[in-house]
Amino acid sequence: MTLVLFFPGLTPTTYDAISDFVTTHKHAERRFSEADEVLGYSLAEAYKKASIYDWEVYQSGFMALTLALSDWAEEHYGERPGLCGGQSYGAVMAAVRAGTLTYADALLLMARSVQVEQDHFASQPEPIGCHFFYRLSYDTVMRLIEEFRAQGEWMELSIAFDASVHAVSARLEALARFEERVRQEGGIPFYTLDRAEHCSANARLRDRLADEVYGSVTWHDPEIPFISDVDGRLLTSGAEIRQDLLDGWTTPVHWRTIVDGISQGGGDRVWIPGPRNMFARISNRAFPTRVISPKTALAA
């Protein structure tokens, strides 16, 4: 039996829901303390006040949290994963666990990337973003996208999870109207990021990150095979994973691709570290899935 450690994409959660783990658990204390040394400030204090729009702090805090949970799970259950992977931003955390990036380099990669990302999105002629929503079928989502394209709008599918969770990228003004159409069709809006995700509009950003950031850290060959969320392949070299993370900026994420990658790699059980989220629900439809949450760790 092969255990898969799967890191979720950035999941909005309140600090209050995780504060006890962040402030009292030894694994969290270690991960946050190490981050302080790299970032030059108290990550736990900054994370306490951050929103999902505070890119560097929220992403760094979320990475420290999820890696601490995976550290605890491996120690507590006495198991090591045979495969690892992640969705979107979670792929960076998977690269750390796989041994492709050191934790320090991953934090530096993130901080340096945020500077380029903010400059890129601020330079757009109009603000663009990515809207997440659920309870609409894939066919309905594609019909709505075509509806907006017929009006002359640029809009692309960014994420398709199972049969009902999706995200699209477009101008923020168009996304506000799209959110209303989601409600009219019986869907439920979730949240809107102030940046586009996994779409062709990020091609220039991907190239800038490759030129300005990704060469500033060291990419090692992984100790654990890494499942690509771009095409589902098992990646076994640092160069492959580096390119995969870059390609993720312009490639829509499809959950079926991840499921196929887990199956082809021989994975049959999944651990998902982090606050409770939709990933555990949809993963459990294909594989026995264990959520490694702050509540789980504190209760053990």
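Trainee: Which exposed residues does the face of α7 turned away from its buried side carry?

Mentor: Keep in mind that this is a predicted model, where local features need pLDDT of at least 70, side-chain atom pairs count only at pLDDT 80 or more, and totals for chains, interfaces and linings use all residues. Numbering runs from 1 along each chain as its sequence is written, and side-chain values use heavy atoms, without hydrogens and water. Exposed is over 50% relative accessible area, buried under 20%, partly exposed in between (1.4 Å probe, protein chains only). On that outward face of α7, you'll find D139 and A150.

Trainee: How wide an arc do the buried residues of α7 cover?

Mentor: The buried ones are T140, V141, L144, I145 and F148. Their arc, taken from the directions from helix axis to C-beta atoms, puts them on the same side of α7, because it is only 140°.

Trainee: What covers those buried residues?

Mentor: α7 is residues 138-150; helices (H or I, at least four residues) and strands (E, at least two) are DSSP runs numbered from the N terminus. Contact means heavy atoms within 4.5 Å. The cover includes the strands β3 (128-134), β4 (155-161) and β5 (165-171), plus the helix α8 (172-184).

Trainee: Is S70 buried or exposed, and what is its relative accessible area?

Mentor: S70 lies in helix α4 (residues 55-77). Beyond its neighbours within four places in sequence, S70 contacts L5, F7 and P273. S70 is buried, with a relative accessible area of 1%.

Methods:
The expected span of a helix is 1.5 Å times one less than its number of residues.
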